[in-house]
Amino acid sequence: MHQPTSPHLHLGLDPDLRQALDDLADATGRPPEDLVRDAVGRYLDEEGALVRAAAERLAVEHADLLRRLGE
């Protein structure tokens with residue numbers, strides 16, 4: 001598993017995306033870094049839920065095979 005060497009992550013945003021981020025930060029009075037951190041957190045929550053749901057579905061669909069492999 002990948003181990004980060006630094007708590008910082010540098011993102012290369014295209015100019016339009018960066019402008020949209022700066023505009024939203026200005027409109028909300030929040031730093032752009034906070035908006036990005038919140039967006040990444042939401043994305044990870046949503047994607048994690050999708051992956052867990054798929055894993056659970058596969059476990060149910062293949063429960064007999066998984067049981068036989070465990071014997």
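Me: What makes Arg-30 partly exposed?
Reply: Its relative accessible area is 33%. Buried means under 20%, exposed means over 50%, and partly exposed is what lies in between, computed with a 1.4 Å probe on protein chains only. The value for Arg-30 is 33%, so partly exposed is the label. Bear in mind that this is a predicted model, where local features need pLDDT of at least 70 and side-chain atom pairs count only at pLDDT 80 or more, while totals for chains, interfaces and linings use all residues. Residues are numbered from 1 along each chain as its sequence is written, and side-chain values use heavy atoms, with hydrogens and water left out.

Me: Why is the contact of Arg-30 with Asp-38 called a salt bridge?
Reply: The term asks for a side-chain nitrogen of Lys or Arg within 4 Å of a carboxyl oxygen of Asp or Glu. Here N to O is 2.5 Å, so the pair qualifies. Asp-38 is partly exposed too, at 31%. The structure holds six salt bridges.

Me: How do you know that Asp-34 and Arg-37 are about one helical turn apart?
Reply: They sit three residues apart in helix α2. An α-helix has 3.6 residues a turn, so residues three or four places apart point the same way. Asp-34 and Arg-37 form a salt bridge, with the closest N and O atoms 2.6 Å apart.

Me: What makes Arg-68 and Asp-64 a salt bridge?
Reply: Their closest N and O atoms are 3.2 Å apart, so the pair meets the cut-off. Both lie in helix α3 (residues 63–69), four residues apart, about one turn of the helix. Salt bridges that share partners join Asp-64, Arg-67 and Arg-68 into one network. Arg-68 is partly exposed at 47%, and Asp-64 is partly exposed at 42%.

Me: How do you know that the span of α2 agrees with its number of residues?
Reply: Helices are DSSP runs of H or I with at least four residues, numbered from the N terminus. The expected span is 1.5 Å times one less than the number of residues. For the 30 residues of α2 that should be 44 Å, and the end C-alpha atoms are 43 Å apart, so the two agree.

Me: Which residues of α2 are buried, and what covers them?
Reply: The buried ones are Pro-32, Leu-35 and Gly-48. Their cover includes α1, where contact means heavy atoms within 4.5 Å.

Me: What makes the lining of the second largest pocket nonpolar, polar or charged?
Reply: A pocket is an open set of points on a 1 Å grid over the protein atoms alone, where a 1.4 Å probe fits, with protein on both sides within 12 Å along at least five of seven lines; lining residues have an atom within 4 Å of a point. This one is lined by Leu-13, Leu-17, Ala-20, Leu-21, Leu-24, Leu-35 and Val-36. Ala, Val, Leu, Ile, Met, Phe, Trp, Tyr, Cys and Pro count as nonpolar, Asp, Glu, Lys and Arg as charged, and the others, Gly among them, as polar. So the lining divides into seven nonpolar, no polar and no charged. α1 gives the most, with four residues.

Me: Why is His-10 called exposed?
Reply: Its relative accessibility is 75%, so exposed is the label. His-10 lies in the segment before α1.

Notes:
Helices (H or I, at least four residues) and strands (E, at least two) are DSSP runs, numbered from the N terminus.
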